[in-house]
Amino acid sequence: MPKVTINDRTIEVEAGTNVIEAGIKVGVQIPHYCYHPRLSVVGQCRMCLVEVAVGGKKMPKLQTACSTAATDNMEVRTDTPEVREAQKGMMEFFLINHPLDCPICDQAGECGLQDYSFKHGVAYSRYQFEDKRTYPGRERIPLGPNVILNMNRCIQCTRCVRFTHEVSKTGELGFFNRGARTEIGTFPGKQLDNPLSTCVVDVCPVGALTSTRFRFAERVFYLDKKPSICTGCDVGCNVTIEHRRGDIKRYKPRFNPEVNDYWMCDYGRSTFERYKTIPRLRSCRVRGDDGLETVGGWKEALDLVHRRLRMRTSEGAVAFLGSGYLTNEEAWLAARLADYAGSHHRSVPVDLGAGWTIPNLKGGITGTELAPNRRGAELLGLRPGAGTELDETLGGVPHRSNGKEKRRILDQDELLLGDGASKCAVLVVLDSDFGRAAYTPEVVERLRRAQFLVVLGWADSPLAKVADVALPVSTHAEKDGTFVNAEWRVQRFNAAFPAPGQTRATVEVLSELLGRFEAKWAGLTADKVFNRIGSEVPAFAGLTWQTLPATGSALHVPGANPMMSETTAETLPEVS
């Protein structure tokens, strides 16, 4: 491996590593605009000029760090007078025609031009403001439904053009005209409307490209930023939730080379908007025997649910309708609750989407399910037929029988599409927003036929409104947990901000409810539950909350395939 020294700091790097990446490894930031780790090297911004010597022999000219591969015995200096003068000169060129838009520009606060002008520029300009080049009629131009162009701010780094040609491979953008009049735009008859289009806003180092979804929504320096996982599909893109006092303003992709790399799709960016448009369930609601609904406390509501689960009879089933939005910890506790209730009616309905492919170094991951964790929920016990034979009087249908055709259970189709709910003494819906069915009047009416309907959820959906007991729980932005993505990789996320009102994390609610059956379950938190899963579930063996890598960890599930719900239960590790 080549050994390179940068500003007297020596490090070994892989062959082919350029000087910019080598500098990052030793903590030396080399300024750059046109370079991006996943785009081709063009070396046109000239901001990354450095002094290079190989074997003690200094190169006669400054070299671009982005196009210079680190070699053995190479010495690089980024702090010499020549380098600093070159950086100041380049900054002066960039700012000659750049407008003074910082007070009204969405990029202010996270702009590479702002940052480098302070670090590497000069405090004055030798150019007359009146002589600046402008692009009349090229301000606030929609390139597509998600991206706005302000051409006056563009520094011609070509990152956006290279992205559409090399990453999204849709090629909508190009450079037009020449010299000082060069500008970016879409080719005739095309719009920038590919599924990854907003990524060009992420790679743009200035305010030339802005997002229609975030434009003028908030100043970025007022935002709190917390790492999390996108819940739009089963890819499990790593994101940063950016919010102000619990009001989410945007999702931005967070680098994870094992999953989404630097990217995320436009659909995933929009999924937080459901928290603004769907009414929020903020307090416990209990329906009395007279049909009147009252607002109650957590103790009274959980006591009632506990009594109903214990009062089950052979005349009706106890069924649990799960969700692909449940965390692994919530699904595992829900399965334990189903064990105590003697229920083997467990299922996880998931809506299917268009299928979004997120590029990465391994060829990409395609998400087809509109939920992040169906695999984890089923793996940890929310799957039908996980127990012993059920009473034939329940009128269920054969489903994943483990080779025993006599086992009959109510699957999700029987609950959602048939008359299965009417056979339930207690039906527990673990997520009021589990999918489109929670908002479909026909499905809501069928589920309401259960003798006693319990609904947990953050959304005050039509299903929550008709429940006998409705329990307000956190959104994924307000709780800790883990998800299992389409490639069976388990990833951790933490709460970005506290939940409002009476809302509690689902793990806490299930833990308190289980504690009424047996005291050992009381007082559990997400990290404690995950550690128990790691010690009891074979697929998670050896994993702990504290040691789970930031990039996640691949699970080893014998016989698993992308459509786990079509496999037999025998192919899955038994859940203790």
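Predicted model: local features only at pLDDT ≥ 70, side-chain atom pairs only at ≥ 80, totals over all residues.
## Overall make-up

The protein has 576 residues, and 57% of them are buried. Its secondary structure consists of 15 helices and 26 strands. Taken along the principal axes, the box filled by the C-alpha atoms is roughly 90 × 50 × 40 Å.

Contacts between residues at least 6 apart in sequence can be sorted by their separation, and 64% of them join residues at least 24 apart.

## Nonpolar cores

The largest nonpolar core holds 57 residues, and L309, L333, L382, L471 and F540 touch the most other members. Helix α9, residues 328-340, gives the most to this core, with 7 residues. Another core lies apart from it and has 56 residues, including I184, L196, C233 and W263. In soluble globular proteins, nonpolar side chains tend to be buried together.

L382 can be followed through its contacts. With neighbours within four places in sequence left aside, L382 is in contact with G322, L326, A331, A334, A335, R346, S347, V348, A377 and L430.

The buried residues are R159, C160, V161, R162, F163 and T164.

T158 is found in the loop between β8 (147-149) and α4. Its phi is near 70°, a positive value in a residue other than glycine. T158 counts as buried, at 11% relative accessibility.

## Helices α2 and α3

Helix α2 (residues 81-96) and helix α3 (residues 112-120) have axes that come within 10 Å and cross at roughly 140°. The two helices are therefore oblique to each other, and their crossing is left-handed.

On the α2 side the contact is made by Q87, K88, M91, F94 and L95, and on the α3 side by L113, Y116, S117 and H120. By class, the residues of this contact divide into 5 nonpolar, 3 polar and 1 charged.

## Helices α8 and α14

The axes of helix α8 (residues 298-310) and helix α14 (residues 506-515) also come within 10 Å, here crossing at roughly 55°. α8 and α14 are therefore oblique to each other, and α8 passes α14 in a right-handed crossing.

In this contact W298, L302, V305, H306 and L309 of α8 meet V509, E512 and L513 of α14. The residues involved are 6 nonpolar, 1 polar and 1 charged. L309 is also one of the residues that touch the most other members of the largest nonpolar core.

## Helices α9 and α15

α9 and α15 pack at an angle of about 70°, and their axes are 9 Å apart. That makes α9 roughly perpendicular to α15.

From α9, the contact takes in N328, E329, W332 and L333; from α15, it takes in A526, V529, F530, R532, I533 and E536. The classes represented are 6 nonpolar, 1 polar and 3 charged residues. L333 is another residue listed among those touching the most other members of the largest nonpolar core.

N73 is found in the loop between β5 (63-64) and β6 (74-77). Its phi, near 65°, is a positive value in a residue other than glycine. N73 is exposed, with a relative accessible area of 52%, whereas T158 counts as buried.

L548 is found in the loop between α15 (526-536) and β26 (553-554). With a relative accessible area of 4%, L548 is buried. Leaving aside neighbours within four places in sequence, L548 is in contact with T482, V490, Q491, R492, F530, L543 and S553. One of these, F530, is also an α15 residue in the contact with α9. L548 and T525 are 23 residues apart in sequence, and their C-alpha atoms are 16 Å apart in space.

How values were computed:
Residues numbered from 1 in each chain as written. Heavy atoms only, no water. Buried < 20%, exposed > 50% of the residue type's maximum accessible area, 1.4 Å probe, protein only. Helix = DSSP H or I, 4+ residues; strand = E, 2+ residues; numbered from the N terminus. Core = buried A, V, L, I, M, F, W, Y, C linked by side-chain atoms within 4.5 Å. Contact = heavy atoms within 4.5 Å. Axes fitted to C-alpha atoms, helices over the stretch in contact; angles between N-to-C directions. Parallel < 35°, antiparallel > 145°, perpendicular 65-115°, else oblique. Left-handed = near helix turned anticlockwise from the far one by under 90°. Nonpolar A, V, L, I, M, F, W, Y, C, P; charged D, E, K, R; others polar.
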